[in-house]
Amino acid sequence: MKILCFDTTAKTATAAVVTEGKILAESSVTIGLTHSQTLMPLTDGMLKAAGITLSDIDLVAVSHGPGSFTGLRIGIGTVKGICQGSGKKCIGISTLEALAYGYEGQDVWICPVMDARCNQVYTALFEGRNSLTGGINRLWNDIAMTIDELGNNLGQPEIPVILTGDGAELVYKALAEKIPSLRLAAPGLRLQRASNVGFAALEHLKTEEPVSPDLIMPQYLRLPQAERELLAKQQATAK
Amino acid sequence: MEYISHSPGETERFAAAFASLLQPGDVVAFLGGLGAGKTAFVRGMASAMAPDAEVSSPTFALVNEYDGKVPLWHFDMYRITSVEDVYSTGFFDYLEMGGVLAVEWSENITPALPEETVFVQIDRLSDNERKITVTGKEADRFEDLVL
């Protein structure tokens, strides 16, 4: 099965074609948020270079969030367009889960963190190895929380916890002293890669059916309550 | 720094000179109530950055884009009440896009503003006179501003 995959949820725009256990083609740019201009030429160039046409593709996979508001809409919009035009089905994958797939098979915990601004991160927690089903094992649902809350929720695990994602350095600086088992992913492994969206999709397809493009939606995560209330209060005093 | 403007036209000229000192990625946050002259100030900024643009308050659109060599994005946060709202204006995305952001009613989004934000407070002294005060970590850059 050949899957065309996309991730535009943060500063990187990335596209790939993967099949079971193999990346056939992958292309990424991280030059700021201009995904609406870069994603199509990038994908077109990658497919041409690899000699793959859209008719070779069985399914389209996309990171459906959490992530940048504009980025999510560009990625989902692109996939809806491709699937509607070609009659293909698609599957949405958590951005955080795709990031964690970079460490599939490792005896570690993986904590992907995306900078949600205002000292908050989108995060989740995974075990690198799921001995029962293969793939990785999800320990937490995707959630938005403050960096302090993340520190408290992680506790003091003995197993190494790898921080990856665009918030990894921020969180590492804030929590490394408090949590000695934290490890910072190398820069080359921290950014979104569409191939990992594809590998996560291959695992999901063992138990899930792909959907028609009208059913795929951005998964915005709600930010912590306290922060929302804070702003509401400021609004009241400002008026 | 402080500047006393004696007319909307003078405010615009001050704002144009102010804008010439801005760099891509700068956030200019306005403090000051209705009728203080925030939109006149942005009109002055746009006259230097995007001379062809028609400036109006983006109260309903939330953000207006004025295309220039460095793009100018004009936000009005009057109706914004939460970080969720800020997120869904795309504000955080615009911060990464290499333009200048001018933010009216920035009081409503204080926790979402970057550390290097340049604050412009406009106080009404009389019908035509305004006191313009520039503050923030980067305010020194505007110390020698001359019209």
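## Ground rules

A residue is called buried if 20 or more other C-beta atoms lie within 10 Å of its own, exposed if 12 or fewer, and partly exposed in between, with C-beta atoms placed from the backbone. Helices (H or I, at least four residues) and strands (E, at least two) are DSSP runs, numbered from the N terminus.

This is a predicted model, in which local features need pLDDT of at least 70, side-chain atom pairs count only at pLDDT 80 or more, and totals for chains, interfaces and linings use all residues. Residues are numbered from 1 along each chain as its sequence is written, while chains are lettered from A and ligands numbered from 1 in the order in which they are written.

## Confidence

The complex gets an ipTM of 0.72 and a pTM of 0.86 from the predictor.

Most residues other than glycine have a negative phi, and most peptide bonds are trans. Now look at A:G65 to A:P66: that peptide bond is cis, with omega near 0°. A:P66 sits in the loop linking β4 (59–65) and α2 (69–86) of chain A.

Further along, A:R117 isn't a glycine, yet its phi is positive, near 70°. You'll find A:R117 in the loop between β6 (109–115) and β7 (120–123) of chain A. A:R117 counts as partly exposed because it has 18 C-beta neighbours inside 10 Å.

## And one in chain B

B:L62 is another non-glycine residue with a positive phi, about 75°. B:L62 has 18 C-beta neighbours inside 10 Å, so it counts as partly exposed.
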